[in-house]
Amino acid sequence: MYGVSREDGWRAGLLLALVLFLPVRAAADPAPYRLHLFSELEHRVVAVGAPIILGVSVYATPGTPEQARQIEAAFLSGTLQGTWEAFELLRREEEPVRRVSFDGGPEVLVLSARFILRAWQTGSLQVPSFVMTLGAAAYRTPAHGVQVYRVDPSFFSAREAVVPVRVEARDVETRRIYRRHGSAFLVAPDAFVTSYHVVMEASRVEVTLPTGRRLRLDRAWAVDPVHDVVVLYVNPKETRAAGMVPLRLAATEGGPVPVPDPAGAGDVVFTYGWPGGVQRSTAARRFDDVVLTGAERLWISANPVRPGDSGGPLLNGKGEVLGVVSAGTVLAYHRDVLREEVCIASDPRPALAQRRLGARPRLLDDFFEDPAFQSMPHVLAFRLSSLLLAGHRRQALFDAWLALFEAAVAQWQTPDPGLHFVQGMIHQLLGTTEDAAAAYRAALDTYGDYFPAAYMLGRYHMEAGRYALAERFFRRTRRYPPYRHLGAYGQAQALMKLLRYEHAVPLLQAVLHHDAGFGPALYDLALCRLALGDLEAVRILHARLFEISPPWARRLRQVLRTPALQPITLLERPRATLRQPPL
C-alpha cells in the first residue's frame, strides 16, 4: 500500500485528524473580523469511556489591537454545542496565545484549545461543535464523527494466544542468513496460524510462548501461498502446559462473510501483533462493503500494520478471528505522506480445512522444495519481492525468476487481479513503468473494482504529464473508502496542473478533513488560494504551515517572494460585442 506526497507520488509511508478550513457563519451578514477556524479530532475510533480529544484553533488577522482583544475574548467564551446525551466534557485546556508575522506582513493571531470529552454510548457519534460569537456572526467548526466501541470481556484473553515468530532464512544469492519477525496465533492445541510470507523459505522458525519458552517449529499442516497463510504444527503438550487457549473463528453465514458482531464493537476490528518485539493492539473501522477480488474474501480495514504485525489475527469485538494480517501500512512517522492506513487480512479457512480433512503435518522443507509448489505464481511473487527488498534487482537469477513469474501469471487457472498488481509493483520498483502500467491495466481488466490498480494508473499518467487522464483515474479511485483521500489528493494535483484551481480547493479541503497534519495539502491549498487571488487565506495557511510543517512553510514563503514560482493562471480575454446590422 502506498501513500502520496508532493515529492514522491507513490512511495509508502498516520495523529488521525479532521479539519475545516473555511468557517461556517450562522449570521447572513459578513462579519468585520478576518479569521478562520480549524478543528481536529485526535482519534476517530475510541473505546467507551476513553478520552476524546478535540483540538480547536483560530487564525485571525485583526485590523486593530481592539479587534485582537475582542477575538481573544470571543474564543475564551466559545463553547461546544450539539447533542450531549452520549458525551461528557471533562475539561478544557488553553494553549498560550501566539502571534506570527512574515516579511513585515500583517500579524496573524493564533488561539488554540483542547477539549477532552468521553462518550458512554457505542456507535457512530457526532462530537459537539465549537462555536464562538463575534458581533452578529457565529463561527462554528464541523461536527466530527467518532466511532465508539465496547468489546466483550472475552476479547482480552485473546492476547495470550498471539505469540511472536522469529524466522531465519538463507539469501539465495549470497547464502547469508537473514532474519524476519512476525506474529502467529493459536487456533487449536496443535496448530499455529501465521502468514506464508513470514516463514517462506525459512531454515528455522521459532515461536515464544507466553511462559517465555521458545519452540522450534519445522512442520506444517498446510502451506497456502494463494491466501498467504501457513498452519504450523506444534506439540499440543507445550501449548497446554503454557495454559494457552485457542482462538475461535468468527461465525459465517454459509460463506466467508462473518455474522455481524453483537458485542458492541460494531464496525470496529482489532489486531494483536508483535511489532518491535512488543505485543500491541490496534482498533479501527473495517470496510465491510469493499472487496479486492470477486473470488476470494479479503478483510480490509484502517488498522495500522507495522513490521512484525504480519501473521497476527484480525479480530472482532469478541476476540474471534476474522482473518490473518497479510499486508498494510502505518504512516504515523511520515509527516509528508497522507496518513491513510490500510490493513488487508486473508482468510485462513481454506488452509485450516486441510488440517480438518485428516492431513498429516509435513516438514516445511517438503513444501518449499516441491517443484509444483515452487512454480506457483504466488510463491514466485513473494520470492521476487524478497529479492527486491534485499537489493537484488538486476541479476541473472532475478531476471530468470521474473520471466517464470510472468509466465505463471499468464497461465494461472483462476484470474487473479492481485497477481497482476504485484507484477505491476515489481516493474514499478525496477523502473520499467510501461510494463507496470500494462500490469495495472490487466488487474482492472480482471476485476474492475481493483482500486489500488486504478490509483497506480493515476500516478503513472500524472508522472507522464497526461493530467486529464490521471484526473479520471483518481476520480475513479475516490469511490472506494480505503483510498478515498489518496484519490482526492491525486485528483486535486491533476486539476492544479490543468489550472482548475477552484475545483481543486474542495478536494484539498476533504483531504485536510481526514489528515490535518498533511503539509503538502496545506501547501497546495495555499497555491490554489494564491492563484485565485485570496491573499488573506494564503497568509492564514502560511501561519498554519509554519506550525505544522516548517519546511513546507519555507517553501511557500519562497513562492511568495518569487513571482516566477507562483502558480500560472489563465486570464480572461476581453470579448468583442457583435451588433446586429440594421435591416
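Select R166 and then E206, its bridge partner in strand 16, bearing in mind that the model you are viewing is predicted. Now widen the selection to strand 13 (residues 162-170) and strand 16 (residues 202-208), which pair in the antiparallel sense over five bridges. From strand 16, move on to strand 17 (residues 214-216), which runs antiparallel to strand 16 and is joined to it by three bridges; here V207 stands opposite L215.

Which residues have the most contacts inside the largest nonpolar core? Select Y440, Y450 and L508, which hold that place in a core of 60 residues, and then show helix 15 (residues 519-531), which gives the most to this core, with nine residues. A second, separate core has 55 residues, including A158, A161, V324 and V379. Such grouping follows a wider pattern, in that nonpolar side chains tend to be buried together in soluble globular proteins.

The aromatic rings make the next stop, with 21 aromatic pairs found across the whole structure. Select F75 and F130, whose ring centres are 5.4 Å apart and whose planes stand at 55 degrees, so the pair is tilted. This pair links distant parts of the chain, for F75 lies in helix 1 (residues 65-77) and F130 in strand 10 (residues 129-134), 55 residues apart. F75 counts as buried because its relative accessibility is 1%, and F130 is likewise buried, with a relative accessible area of 0%.

Then select Y455 and F474, another tilted aromatic pair, with 5.8 Å centre to centre and 55 degrees between the planes. Y455 lies in helix 11 (residues 451-463) and F474 in helix 12 (residues 467-477), so the pair ties together parts that are 19 residues apart in sequence; both Y455 and F474 are buried. For a cluster linked by ring pairs, select Y149, F155, F156, F270 and Y272.

The charged end of R383 sits over the ring of W401, 4.5 Å from its centre, while R544 lies over the face of F38, at 4.6 Å from the ring centre.

Definitions and conventions
Residues numbered from 1 in each chain as written. Predicted model: local features only at pLDDT ≥ 70, side-chain atom pairs only at ≥ 80, totals over all residues. Heavy atoms only, no water. Pairing = 2+ DSSP bridges. Helix = DSSP H or I, 4+ residues; strand = E, 2+ residues; numbered from the N terminus. Core = buried A, V, L, I, M, F, W, Y, C linked by side-chain atoms within 4.5 Å. Buried < 20%, exposed > 50% of the residue type's maximum accessible area, 1.4 Å probe, protein only. Phe/Tyr/Trp six-rings, centres within 6.5 Å; stacked < 30°, edge-to-face > 60°. Lys NZ or Arg CZ within 6 Å of the ring centre and 35° of its normal.
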